[in-house]
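Here is a short report for a first look at this structure. Take a moment with the sequence and the model before reading on.

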Amino acid sequence: MNKRDMAKFEKILIRKKTEILNKINAEKIEDTSGDIGDEIDSASQNSQKEMYFELVAAERHTLEAIDTALTAIKRGTYGMCQCCGKAIPVARLDAIPWVRYCKACQEEAEKAN
């Protein structure tokens, strides 16, 4: 992969990371545990908190993968399968820029799980 492609993917990854962090920050729930309210208010607040924590948990995995990809760009190893060491096709990277494995290794990992 050439430097121009790496720079392109670095911009994409940074943009996606910023988007996720902004989404998480926008969804922050105010702590209203000391407020007096009825059971419906309390249930609604608990539901919102659960949804927020699920969002954060789901996005944490993507953020970690993005950070790994950004580190790989700095090391010059971006776009290489972390399992077999072969180049990941650019079309796959275009679809999922933070992907760590080629299609064959990903399928093997999914079969094992």
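## Cysteines without a bond

The structure holds zero disulfides. C81 is in none, although the nearest cysteine sulfur, that of C105, is 3.7 Å away. This is a predicted model.

What about C105? Its closest cysteine sulfur belongs to C102, at 3.6 Å, and that is too far for a bond. The cut-off for a disulfide is a pair of sulfur atoms within 2.5 Å. C81 is buried, with a relative accessible area of 4%. C105 counts as buried too, at 15% relative accessibility.

## Helix α1

Helix α1 covers residues 3-26. How far apart should its ends be? At 1.5 Å a residue, its 24 residues should span 34 Å.

Which residues of α1 are buried? They include M6, F9 and L13, along with I20 and I24. In an α-helix there are 3.6 residues a turn, so residues three or four places apart point the same way.

## T62 in helix α2

Helix α2 runs over residues 39-75, and T62 lies in it. Is T62 buried or exposed? T62 is buried, because its relative accessible area is 14%, and the cut-off for buried is under 20%.

Leaving aside residues up to four places away in sequence, T62 touches I20 and W98. I20 belongs to α1, where I20 is buried.

Definitions and conventions. Residues numbered from 1 in each chain as written. Predicted model: local features only at pLDDT ≥ 70, side-chain atom pairs only at ≥ 80, totals over all residues. Heavy atoms only, no water. Helix = DSSP H or I, 4+ residues; strand = E, 2+ residues; numbered from the N terminus. Buried < 20%, exposed > 50% of the residue type's maximum accessible area, 1.4 Å probe, protein only. Contact = heavy atoms within 4.5 Å. Expected span 1.5 Å × (residues − 1).
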